[in-house]
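Please keep the sequence and the structure in view while I go through the main points.

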Amino acid sequence: MKVPGVNSDSAAVAPALPRVRIVLVHTSHPGNIGAAARAMWTMGLSQLVLVLPSRFPAPEAVAMASGADEVLKRARVVGTLSEALAGCVWAAGFSARPREFAGRVLAARQAAEEAARQLAAKGSPSRDIALVFGTEMSGLSNAELAQCTVAATIPANPQYSSLNLAAAVQVAAYELRMALGAGTVWRAPRFIGASHEDIERLYAHAEKTLIACGFLNPERPKRLLPRLRRLFVRAGLEREEVNILRGILAEMDALLEVTKAEDRRLGRKRPVDG
């Protein structure tokens, strides 16, 4: 579904996304599979491979997918990590725990950048890459991590680095999406900007009203007017915003006229400066 105001994936990103596998190994709770599917779908990923999940398919997975049903429908269940990685040219195994024989260890962002380079490499237009995540309780085993090209980790609070499985998938998928160049975001509509003449008329109107209400003493203006002018310019006002401000000033002018008329009727005098 195309969302109004949001650009579609660039020509470089769209062909790459279907070649990214999210591999979940020995997932114990089907709800986490659904939540991971939702995390994937928000980043444009759809290829989910499950290695001996405890239970799948399951209603809990569907509930937690929250509309990302297509990912669950396409999910493949395999018996080993080797099967899940078959045909891949590169794989990152995610782990929060330090491993003695882990080989190269990259932060999630670095891993995403390397994955993007692999997807863009000549000679592998139809080969997949994989992001691999272990079971919720203990993560990937040493033997499973050894099957991956690199170990990847999400820099987190060293005193509490445990991430929910779906949260880890979300971070990894987001970093990969950004590395592939899909950084386009929605833009709020821009309205007609105020012209120089609009600002000058607002400035003159504000000066007149501030003098009339006694806030500004024209004999001792100090730095109020230059600061007011700088505020109007810096704000980047739209024409409609200028009209609103001038409408407020006009109401103030009208109230001041009523007050002055009442003062004349009662013979009251007000201080000249403010």
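I begin with a definition: a residue is called buried if its relative accessible area is under 20%, exposed if it is over 50%, and partly exposed in between, using a 1.4 Å probe and protein chains only. By that scale Leu 52, at 45% relative accessibility, counts as partly exposed.

Two remarks on the source are needed. This is a predicted model, in which local features need pLDDT of at least 70 and side-chain atom pairs count only at pLDDT 80 or more, while totals for chains, interfaces and linings use all residues. Residues are numbered from 1 along each chain as its sequence is written, and side-chain values use heavy atoms, with hydrogens and water left out.

Let us turn to the strands. Helices (H or I, at least four residues) and strands (E, at least two) are DSSP runs, numbered from the N terminus.

Strands count as paired if DSSP finds at least two bridges between them. β6 pairs with β1 in the parallel sense over five bridges, and Ile 22 stands opposite Leu 131 in β6. Strand β4, residues 88–94, also runs parallel to β6 and is joined to it by five bridges. There, Trp 90 has Ile 129 as its bridge partner.

Next, the interior. A nonpolar core is a set of buried Ala, Val, Leu, Ile, Met, Phe, Trp, Tyr and Cys residues joined through side-chain atoms within 4.5 Å. In soluble globular proteins, nonpolar side chains tend to be buried together. Here the largest core has 45 residues, and Leu 24, Leu 48, Leu 131 and Phe 133 touch the most other members. A second, separate core has 17 residues, including Val 25, Val 78, Leu 140 and Cys 148.

Grid points are joined across faces, edges and corners, and a volume is the space filled by probe spheres set on the points. The structure holds one cavity of 30 Å³ or more, and about 30 Å³ of space lies in the largest cavity. Its lining consists of Phe 94, Ala 108, Ala 111, Ala 112, Leu 131 and Ala 172. Helix α5, residues 108–120, gives the largest share, three residues.

Finally, the backbone. Most residues other than glycine have a negative phi, and most peptide bonds are trans. Leu 52, in the loop between β2 and α2, has a positive phi near 45 degrees. Pro 57 lies in the loop between β2 (47–51) and α2 (59–65), and a cis peptide bond, with omega about 0 degrees, joins Phe 56 to Pro 57. His 26, in the loop between β1 and α1, has a positive phi of about 55 degrees. Is His 26 buried or partly exposed? At 33% relative accessibility, His 26 counts as partly exposed. Thr 27, found in the loop between β1 (20–25) and α1 (30–42), counts as buried at 1%.

How values were computed. On a 1 Å grid over the protein atoms alone, a cavity is a set of points where a 1.4 Å probe fits but cannot get out, and a pocket is an open set with protein on both sides within 12 Å along at least five of seven lines; lining residues have an atom within 4 Å of a point.
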